[in-house]
Amino acid sequence: MTSRLTIRKPDDWHLHVRDGAMLKAVLPFTARNFARAILMPNLVPPVATTADAAAYRKRVLAALPPGSTFTPLMTCYLRDDTDPDDVERGFRDGVFTAVKLYPAHATTNSAAGVTDLKKVCRVLERMEKIDMPFLMHGEVTDPDVDIFDREKAFIERTLIPLTKMFPGLRMTLEHLSSKEGVDFVHSAKPQVGGTITPYHLVQTRTDWLGAGLKPYMYVMPVIKTARDRDALRKAATSGESCYFLGTDSAPHPFARKVNVNGVPGMFNSPVALETYAKVFEEEGALDKLEAFASVNGAKHYKLPLNAGTVTLEKSSWVAPEEVKVDGPDERAIVYRGGETIEWRVVGS
Ligand code: NCD
Ligand code: ZN
């Protein structure tokens, strides 16, 4: 049995680190294990222009622990009125790595998102021309579509037409949550890649709702059935180049998460790499963890592979239930908090 594993230093291709005191509290958990992360732009107000992203990147760099070599990769929050020239400038200047689509009202802080893709065709055309990646929150918001079918409907109604309209546009379907999502990405590779979170690999909706409501498991896209989870596990551990690591770690203040109208998003960076290792071990695929965590995503984004390594060891520890955030009574609940975690990162 493998009890120690060294892999090339991984990247997190989908991460929320927020801003201000929350940024300061959560960023170190990512910076200690990951070389780079694609930072989501859904702040309030959103990171929508090159100037916004340059300023946000500065705040992120200032929040890093001393000596950290972590690199934040910035994204542009696509809006109906996004200027293609600004997007191109940001990409060419190395400020933007990608553009992120939030269909308006699909998830946390998406009110300023796109109301109709027809309105952003000029931006997509430009991105195709300059080979700039397009990241998608792939869910429809049509109230007639059941919440468990939103990803599937997005693929049918939006993504398939988009791949035909922009065959040269590199895309990522973020936080895959369904068998349909997994299968579609496979059928559309290499144009389309997909990120997979640790929690969609572990939990089912029965864990979320079946034995006491667990507000911390409320995420978008929602956690689905065992059939979906098993398809995701098979995909992630296959080593196939179209699937890669994206934690979607998304901290919220405790009072917003545990609320009569709670917000979606799960803070998992304190246990993310360790949880992926557990899944890969259970699937007998520890030899594929490096491809998923450290190779496939970089290749999809046409970025160099990281030089360093991380070492994981099979040695248990207990995850903290919450992380303190500066400010009166502020804290964020941690995914798997209080649980015994099987793997530990011992060096990077
Ligand atoms: C994310 C957040 O909180 O910003 N929430 C979530 O449930 N995943 C946004 C997102 O990625 O959908
Ligand atoms: Zn997210």
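## Getting started

A residue is called buried if its relative accessible area is under 20%, exposed if it is over 50%, and partly exposed in between (1.4 Å probe, protein chains only).

What you have here is a predicted model, where local features need pLDDT of at least 70, side-chain atom pairs count only at pLDDT 80 or more, and totals for chains, interfaces and linings use all residues. Residues are numbered from 1 along each chain as its sequence is written, chains are lettered from A and ligands numbered from 1 in the order in which they are written, and side-chain values use heavy atoms, with hydrogens and water left out.

## The zinc site

Let's start with the metal. Which residues hold the zinc ion (ligand 2) as protein donors? They are His14 (NE2), His16 (NE2) and Asp248 (OD), lying 2.0 Å from the ion. A donor is an N, O or S atom within 2.8 Å of the metal (3.2 Å for Na, K and Ca), and water is not among the atoms, so sites may look incomplete. The four donor atoms around the zinc ion subtend angles of 91 to 132 degrees, which makes the arrangement tetrahedral. Four donors get that label if all angles lie between 85 and 135 degrees; four count as square planar and six as octahedral if opposite donors are over 155 degrees apart and all others between 65 and 115, and anything else is irregular.

Along the sequence, the donor residues are spaced H-x1-H-x231-D. His16 sits in the loop between strand E2 (11–15) and helix H1 (20–31), while Asp248 sits in the loop between strand E9 (243–245) and helix H10 (254–257), so the pair ties together parts that are 232 residues apart in sequence. The helices (H or I, at least four residues) and strands (E, at least two) are DSSP runs, numbered from the N terminus. Both His16 and Asp248 are buried.

## Around ligand 1

Ligand 1 is surrounded by 15 residues, and the closest are Arg18, Asn42, Thr107, Met220 and Asp248. To count as near, a residue needs a heavy atom within 4 Å of the molecule or strand in question.

Now look at the oxygen atoms of ligand 1. One is 2.8 Å from an N or O atom in the side chain of Arg18. For the side chain of His16, the distance from a ligand oxygen to an N or O atom is 3.2 Å, and for the side chain of Thr108 it is 3.2 Å. How much of the accessible area of ligand 1 does the protein cover? The answer is 100% of the 310 Å² that the ligand has on its own. Accessible areas come from the Shrake-Rupley method with a 1.4 Å probe; for residues, only the protein chains shown count as cover.

Helix H4 spans residues 121–130, and its buried residues include Val123, Leu124, Arg126, Met127 and Ile130. These residues cover an arc of only 160 degrees around the axis, which puts them on the same side of H4. The arc is that of the directions from the helix axis to the C-beta atoms. On the face turned away from the buried side, you'll find the exposed residues Arg122 and Lys129. An α-helix has 3.6 residues a turn, so residues three or four places apart point the same way.

Most residues other than glycine have a negative phi, and most peptide bonds are trans. His105 has a positive phi of about 75 degrees although it is not a glycine, and Asn109 is another such residue, with phi near 50 degrees. His105 lies in the loop between strand E5 (96–101) and H4, and Asn109 lies in the loop between E5 and H4 too. His105 is exposed, with a relative accessible area of 60%.

As for cis peptide bonds, one joins Lys189 and Pro190, with omega about 0 degrees. Pro190 is in the loop between helix H6 (179–188) and strand E8 (192–196). Another joins Met220 and Pro221, with omega about -5 degrees, and Pro221 lies in the loop between helix H8 (205–209) and helix H9 (226–236).

## Two buried side chains

Asp11 lies in strand E2 and counts as buried at 0% relative accessibility. Its side chain makes a polar contact with the side chain of Asn306 (2.8 Å). A polar contact is a pair of N or O atoms within 3.5 Å; within protein, one must be able to donate a hydrogen and the other to accept it, and residues adjacent in sequence count only if both atoms are side-chain atoms.

His252, in the loop between E9 and H10, is buried with a relative accessible area of 4%. A polar atom of the His252 side chain lies 2.8 Å from the backbone oxygen of Pro264.
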